[in-house]
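Subject: Structure handover

Hi there,

Here is the structure I promised to pass on. Please have a look, and then read my notes below.

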Amino acid sequence: MEKEKSEKSICSGDIDHTETPRPWQSFHTVYTNAKAGMDGVDKEKVQRIVYDMSKGSKYFENEERKEAFMRQKIDNMRAQCAKLTPTDISQYQKVADRRILELETKRDLSRIWLHVDMDAFYAAVETLSNPSLKGKPMAVGGMSMISTANYEARRFGVRAAMPGFIAFFQTYDPNFMAASLDEAYLDITDVCKERSMTSGEIAKELRTTIFEETGLTCSAGVGSNRLLAKVCSDINKPNGQFVLPNDRMAVMTFISSLPIRKIGGIGKVTEHILRDVLGINTCEDMLQKGGLLCALFSRSTADFFLSVGLGLGQTEIPQVRSRKSISNERTFSSTEDEASFDQKLADLAEMLSVDMQKEGLSGRTLTLKLKTTTFEVRTRAVTLTKVYLLK
């Protein structure tokens, strides 16, 4: 009986019902999550300010809907977890142990991956154009969306949802992967051998070249796979680098205390499910509670979590794929002016047409996406009977 209580207790997070309610603590927006340059930020203070200033807005209402959706998912997961018996958990733990052994055989320490991330890209570009902004807290964007915030602003809890990228990486990897406008992955295994240089030296040379060419700084991370390289690039931001040796013990030590939110693919909702339902806070916890992960998630999802716990990630060079789609979008202030909508739609269509001509692309299915002031996304699509070439 005691064993059953012990097993069941790990299926739910501890909740203190005696504390004074603080509604802003559950207001988890993209602007209050931890990010490079935000060490030392009073997270609760930022959450409270965002909460108080947002109350009554469409944004606030949307956050409340998302919060309710997340709570429902957590409750559903807790209900599933509560149905598991000690025998169930024991059986699933055996499944997890087998999967961990199988995944371990796929560990590849032969490749060297470099992840380069431009530092506060848009803010840095703006500062180059207007040097008087240097050293001042500054964000690029508007009330509708912040594109980026510099590190001075991040100390006050201001941040963005990320995009951007500038670079000339073919010298180091002709097949480099541009993850967005301000970050890229490079397989530098061959260039390290050809030039008899360490991965750290290559990273330093590349960062120096980018600064000399553009006046912009970037941070870099080196690891045996892309997952680790990306995490490493965040460690010494801004304008720094971190190299994780291609050694299993070094990888396991590094990954053991790493918070799960640092891993790409684990977002806010997943983080809360893992933390609040299963008590999983670090990557090492993934392995310790592998049985529950195998019991509650699909095989592919459970394998991803277990791989994270082992510090495993993609190492192969991605196959070049033909482009499947191209798009253009803009965020603007709230309006009900039909003529304004028509003009914006015409402008977007013209920009998309120009982009397609530059790429030599033709289209068949046209999709229109609209996000309302309540953050509801609506889409409509039409497929033409034949492909049209743009000239």
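Two strands pair if DSSP finds at least two bridges between them. Helices (H or I, at least four residues) and strands (E, at least two) are DSSP runs, numbered from the N terminus.

Some background: this is a predicted model, where local features need pLDDT of at least 70, side-chain atom pairs count only at pLDDT 80 or more, and totals for chains, interfaces and linings use all residues. Residues are numbered from 1 along each chain as its sequence is written, and side-chain values use heavy atoms, with hydrogens and water left out.

The protein chain has 15 helices and nine strands. Of its 391 residues, 37% are buried (under 20% relative accessible area, with exposed over 50% and partly exposed in between; 1.4 Å probe, protein chains only).

On one side it meets β4 (residues 177-180): the two run antiparallel and are joined by three bridges, with M177 opposite Y185. Two residues separate β4 from β5 in a hairpin. β5 is also joined to β1 (residues 113-118), again antiparallel, by five bridges, and there V116 stands opposite A184.

Which way do the residues of β5 point? E183, Y185 and D187 point one way, A184 and L186 the other. In a regular strand the side chains alternate between the two faces of the sheet.

Happy browsing!
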